[in-house]
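Hi,

Here is the structure I said I'd send over. Have a look, and my notes follow below.

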Amino acid sequence: PKEILLKDYKKPAYLFDTVDLRFQLGEDKTIVSSKIFALPRIEGVSCPLVLHGHDLKLLSIKVDGKELKKEEFQLDVRHLTLASPPTSAFTLEIVTEMYPQNNTSLEGLYKSSGNFCTQCEAEGFRKITYYQDRPDVMAKYTCRIEADKTLYPVLLSNGNLIEHGDLEDGKHYALWEDPFKKPSYLFALVAGQLESRDDSFVTCSGRKVSLRIWTPSHDVPKTAHAMYSLKAAMKWDEEVFGLEYDLDLFNIVAVPDFNMGAMENKSLNIFNSKLVLASPETATDADYAAILGVIGHEYFHNWTGNRVTCRDWFQLSLKEGLTVFRDQEFSSDMGSRTVKRIADVSRLRTYQFPQDAGPMAHPVRPHSYIKMDNFYTVTVYEKGAEVVRMYKTLLGSSGFRKGMDLYFKRHDGQAVTCEDFFAAMRDANDADLSNFLLWYSQAGTPHVKVTSSFDPDARTYTLRFSQEVPPTPGQPVKEPMFIPVAIGLLDSSGKDMPLTTVYNDGVLQMIASSNQPVFTTVLQVKKKEEEFVFSDIPERPIPSLLRGYSAPVRLDSDLTGSDLFFLLAHDSDEFTRWEAGQVLARKLMLSLVADFQQKKTLVLNPKFVDGIRTILCNSTLDKEFIAKAITLPGEGEIMDMMAVADPDAVHAVRSFIKKQLALQLKKEFLTTVIDNRSSGPYDFNHHDMARRALKNTSLAYLASLDEPELTELALHEYKSATNMTEQFAALTAIAQNPGQVRDDVLSDFYSRWQHDFLVVNKWFALQAMSDIPGNVVNVQKLLNHPAFDLRNPNKVYSLIGGFCGSPVNFHAKDGSGYKFLGEIVLLLDKLNPQVASRMVSAFSRWRRYDETRQALAKAQLEMIMSANGLSENVYEIASKSLA
Ligand code: B3K
Ligand code: ZN
C-alpha cells in the first residue's frame, strides 16, 4: 500500500467541464456510460490523462467520437491511462459494466434493501465510472437513469428533474440536471420503491423550495422530526449566516445499509435510517437530538463543503470541522447551549484525546494517508470544530461572521485549502493570528498548566501559564500553540469581579474600554511560558479558567479542592461550573484507583457526596445540567490519565462511587424519580428532555444497588413508560445487574420490538456494552441471532462496536475479548473494509495496558497483519498501531 502525501499535491492535468451520465440499472449488471467534455489545464500541452477506476469492466472508450485502439490506453486494477489525449478540448466517452448487487463495501453504487443507492465520498465515484476522482475537478453533471418501472418507480439524482418517461420492456427513465459545478464525491443516485413526506420552505428571498424525505412507505410517519429539523436548519442558516438554499428541490433519502451517518450529496442527501426515522415510541431523546444535529450538518454542507469545497482530501477539516461547528451552534440555539457544550466537550475528551495521544494521532490537517476513509476522524471533525470555534472566541461573533462572509465572497465555486479559510478570517478582521495555523499542522493535545498568586499590597493577581504539546508519530518536537483562554475571577461571595486591565509579560492591555463592566476576558497564550497580571484586584480571587472550554487543551491548575467546590457552587459560567465538578471527580477517582490497586478499603469523601447532594437538590438549576453534573467521568477518561491503564480498577472504583452515592442519596434520588415522571404525551423540547434526563440518571443510580424494591421501581418505570427514552433507560438500569429479572426484561423488550430494526439495534448494543463478567460468550451467541447481520453496519456498530466499548469485557485479562475482535475483523474485512477498519481501531491503544494485555492484543494485531488479501483500510490502522 502507498502513502499519499500532502506535500505531493499537484493540480489536475485536465479540467472537466461537463459530465453526462447514463445508468442502465439491471438485476445482474448495470451499464454506466459517461460523456465528459475535457480540456487540458494548460492548452497545447500534451500529458497523460490518468483516470481512477476500481472494480469496473471497461466496455468501450472513445475520444471525439472515435473508439480508442488497445495501444492507445493502458488499464491496470486502479487506473485507466490515456497516454496522449488531444492538446485542446475534446470529448471522452466511456462505457463500463458493474455489479451493484454484489457490492458489500457500500461504497460506489450498491443495493440496500432492494433499492439502488450511492456513496461516493471520499473515493467511491471511481467504482462507478473511470474519472479524475478528486475534489478539485469540478464539473456540471446531468444524469439519466433507466430502470424497471415496477421495481424502481422512484429515480433520483442531483439537481432538477428535467425529463422523465416510459421506455420499452416495462422500463422508465428520468433525466436530472445539476446546474452547479461539483466534485465527483457529491454525485448521488437513488432508485427504488420509496415514498416521500413532502413539505416546502420559502427562503428569505421568497423562493419556494420543495422538500422531500424518502423512505419505504411504512416508515413515512417516522419522518416528521427529520422534516422539522430540516426546516429549522434552513431558517437558522439564513438568520445566523445569511446563507440561503440555492435550488428549488431538496431531497433526503433514508437507507438502512450505510457506512456512516449521512452524506451531503448536492440536493440529494442520503442518510442512514437511524438518523432520519423517529417516533416517540421507538426513538430516544438522544436519537431525536442526533437527527436534528445531523440533518442540520448535511444541510449546512450545501455552503460549507459543496459551494466551497476542498482542494484535496487533506483539507477535509475545512468542510467537516467548519460544518460540525455550525451544527453544534445550531443545536445549541435550538436547545440548551450549556448542555450541548458539555456533551460536545465530553465527546472530545472521550474519543479525540485518546486518538491524539495514540499511534493514530494526526493533525487536523493530516500530512499523509493510505486510505482516506480512515481519516474521517474525531480529530478532523471534532477537534477541527474546536479550531473553528477558537476563531470565533478570538474575533467575536460579528468578527467571525465577517470572516465567513469574506470566505464565501472569495471562494464560492472553488476548491480551496485551510489557509484560505484562515486568510478570510484574518483579512476580514485585520487580525494578528500569528502562529494560529499550527492548530492545523501539529497533532497532540496541548497540556496547559496554570499557577496563580495574589499580592494584596499591590492588589495584583498573577496567572502563570506554561504549555507543552506532547510528541506524536512523526512529530517529536512541537512549537508552542496560540491558545485562547477565556477567564473570569470570582470574589469571595461568588460574584464575578469586573476586569479592567491586564499586563501580558509587562505589556498593558485594556480589558474594559467603556463604562460597561467586563467579567470574562480572553487571554492569548502564545508562548511556552507566559504571565498575565491583573491589576485592581481587591481580594484573592478564585479563577474560573477556560470558560466555555475556549481551547481544546488539557488544563491543570493549582486550584484546591475547596476552590473547586466553590466554583461548582457559584461560577456564573455554567460550563466551568460543571467542569469544576468533573475535576473533583477525576481527582477522587484517581486516588481511589490507587487505593484499590494497593488493596486498601475504599472510602468515599463525604464532601463529594455533599457536593453531589447540593447540586441534585438545587431547584434553580436546569435539570439536564444537574443530570450531567451528577454523572461521573467515564472509565476511559480516567484510564487516559493513568501511566498504565487498569480497566478492572477503574471499573471497580466507578461502580463503588456510584453505589455509595446511591446508598447515601437514596431518598433524594427516589424523590427525583417520582417528581419527574412524565405527564402527557412525548414532546421534543428542552424542558421535557431535561426532566427525563434527570429522572433516568437518578433511576440508574438507584437500580445499581440491586435491592428488590428498587428493581421493582425500575420495572414499574419500564412497564409504564410511554416513550422509548424512559422505557430504554429503565431497561438499561435493570440490565446493570445479572439475574432472572434482567433476562426476562431483555426478552420482553425483544419480543415487543423485533419488527423494528432500529430498536433491535439498541437491544444489541445494550447487551454488548454490558460489564457483566464473561459477557463475550453472550455477544458471541448474539452473532448468531436471527436479527443480526454482519453486512449491516448499524448492527456491527451496535454489537461489535458496543462490545469494544466495554472496558471490562473487551479488555478481559484472558484475552477472550481481543480474540473475539481479531476473528471478526477478518470476517468483516472481506465484506466491508471501511467497517472492518473502524472495528480494528479498538486495538490501537494496546500499549496503554499492562504487559499481559499488551501481549494478547499485539498477537491479534499480528494475526490480522498476516492475513491474506487484507484491505488497505485495515492494513493502515493495524500497521500504524503496531509501529
Ligand atoms: N461527508 C460525509 C462523510 C463521508 C465519509 C466517507 N467515508 C458525512 C459528513 O460528514 O457530513
Ligand atoms: Zn460533514
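Predicted model: local features only at pLDDT ≥ 70, side-chain atom pairs only at ≥ 80, totals over all residues.

Residues are numbered from 1 along each chain as its sequence is written, while chains are lettered from A and ligands numbered from 1 in the order in which they are written.

On that basis, Met589, Leu592, Val593, Phe596 and Gln597 of H9 meet Ala649, Val650, Ala652, Val653, Arg654 and Ile657 of H13. (Helices are DSSP runs of H or I with at least four residues, strands are E runs with at least two, and both are numbered from the N terminus.) That contact has 9 nonpolar, 1 polar and 1 charged residues. The classes: Ala, Val, Leu, Ile, Met, Phe, Trp, Tyr, Cys and Pro are nonpolar, Asp, Glu, Lys and Arg charged, and the others, Gly among them, polar.

Now the ligand. Which residues surround ligand 1? They are Glu121, Ala122, Met260, Ala262, Met263, Glu264, His297, Glu298, His301, Glu320, Asp373 and Tyr376 (C-beta atom, placed from the backbone, within 6 Å). Strand E20 (262–263) and helix H2 (285–300) each give two or more of them. By class, the shell has 5 nonpolar, 2 polar and 5 charged residues. Ligand 1 lies between domain 2 (198–284 + 302–307) and domain 3 (310–441), because both give residues to its shell; the bounds come from an automatic or database domain assignment.

Cheers

Conventions
Contact = placed C-beta atoms within 7 Å.
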